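I opened the structure to look up what surrounds the ligand, and then turned to a pocket. My entries follow the model.

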Amino acid sequence: MTAAAAFDAVLDRTVAPGYSRFGFAARRRCWPDDDPAPGALLGRTALVTGANSGIGKAIAAGLAELGATVLMTVRDHERGEAARRDVLAQLPDADLVVEQCDVADLAAVRRFADSLIDRHVRLDLVIHNAGVLPAERTEGPDGHELSLTTHVLGPILLTELLLPALAASPDPRVVLMSSGGMYAQPLPDGDVEYRSGEYRGAAAYARSKRIQVALTPLLAQRWASSGVTVAAMHPGWADTPGLADALPGFRRLTRPLLRTAEQAADTAVWLSATEPTPPSGLFWHDRRPRPSHYRRGTRYDDAALHRVWRHCAVAAGLAR
Ligand SMILES: NC(=O)c1ccc[n+]([C@@H]2O[C@H](COP(=O)([O-])OP(=O)(O)OC[C@H]3O[C@@H](n4cnc5c(N)ncnc54)[C@H](OP(=O)(O)O)[C@@H]3O)[C@@H](O)[C@H]2O)c1
């Protein structure tokens, strides 16, 4: 291991310094020649969910700056248009289209995918960034716990339905925005919908983010025949409207440490544009693959993973 790689690993394990703006700055110094080439995404079409705010808006800008046509996918059209205007103010030549879809509503996801497939024979990138931290246990319109639906069921269903358009790309890539919070949670095998015990929004959020990371290798296998590669990632801690809303106390305490949305978006943009295509099925942070576990209590066996996959596949309407 080089000294830089050892330093990087130490940052990862110490959490607070690694997830902060200082961790980003320290690692940034290790990849000066690693930025995607200007125009790397010219001719590519990228779909970004939750693109009206925070990290999603920064990802949309980062992809557009590299030349992609970006489908800024939001649940509120007006907020989407406002974000589009913000990005155009920085990047007047950006090619941005606002699309509407509530990813926690599986019927809406189906309608949206049908409409996209009608309008786009080819899609190159899908960044599942939309995120939520529910204050209390809430179910989406399909009767599934909201963070599970938003982070797992909606993204998997949307990707499955878009496979024909993704398969038409020479290099289709999918990114799932997870969270470092998932390190604290085991796979919720047996209670994927968080029906038992006291519901805590932060735990529900982290459980669903753990499921994203756990399922990523399975999804990599499942989508390989369409040529699709998939990466899960976490952005560190970033000062976004979502963080301010969901965790105001944490934000007050950590504000000087927090990354900007652009810093938090960096790895998603890099995974979308770097060459060669990153290997499929891994979990990334700051442009490098990271372990999925730091605690022994979070490990699971294949049987548990397949039970959770089975639950999600049935819930998303992909299996009976
Ligand atoms: N900020 C951090 O430190 C941090 C750390 C780890 C992981 N993350 C992850 O990064 C992603 C972006 O978070 P952020 O911090 O940028 O938060 P944010 O500012 O709240 O952005 C979240 C975005 O997701 C959208 N969204 C939520 N539910 C949706 C739904 N059902 N359908 C469509 N869009 C939906 C929101 O739309 P509305 O504006 O309409 O609500 C918003 O645009 C999330 O997945 C989050 O879990 C963030």
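I used the polar-contact limit, a pair of N or O atoms within 3.5 Å. The side chain of R75 likewise has an N or O atom 2.8 Å from a ligand oxygen. At A238 I found a backbone N or O atom 2.7 Å from an oxygen of the ligand. The ligand taken alone exposes 890 Å², and the protein buries 90% of that; I took areas from the Shrake-Rupley method with a 1.4 Å probe.

I noted that this is a predicted model, in which local features need pLDDT of at least 70 and side-chain atom pairs pLDDT 80 or more, whereas totals for chains, interfaces and linings use all residues. Numbering runs from 1 along each chain as its sequence is written, and side-chain values use heavy atoms, without hydrogens and water.

The shell holds 28 residues, with N52, S53, R79, Y205 and T240 closest. Its largest share, three residues, comes from α9, a helix as a DSSP run (H or I, at least four residues).

Lastly I examined the second largest pocket. Its lining (residues with an atom within 4 Å of a pocket grid point) comprises 21 residues, with A58, A61, G62, E65 and V269 nearest the centre. I recorded that α4 gives the largest share of this lining, six residues.

Note on methods
A residue is near a molecule or strand if one of its heavy atoms lies within 4 Å of it. A polar contact is a pair of N or O atoms within 3.5 Å; within protein, one must be able to donate a hydrogen and the other to accept it, and residues adjacent in sequence count only if both atoms are side-chain atoms. Helices (H or I, at least four residues) and strands (E, at least two) are DSSP runs, numbered from the N terminus. On a 1 Å grid over the protein atoms alone, a cavity is a set of points where a 1.4 Å probe fits but cannot get out, and a pocket is an open set with protein on both sides within 12 Å along at least five of seven lines; lining residues have an atom within 4 Å of a point.
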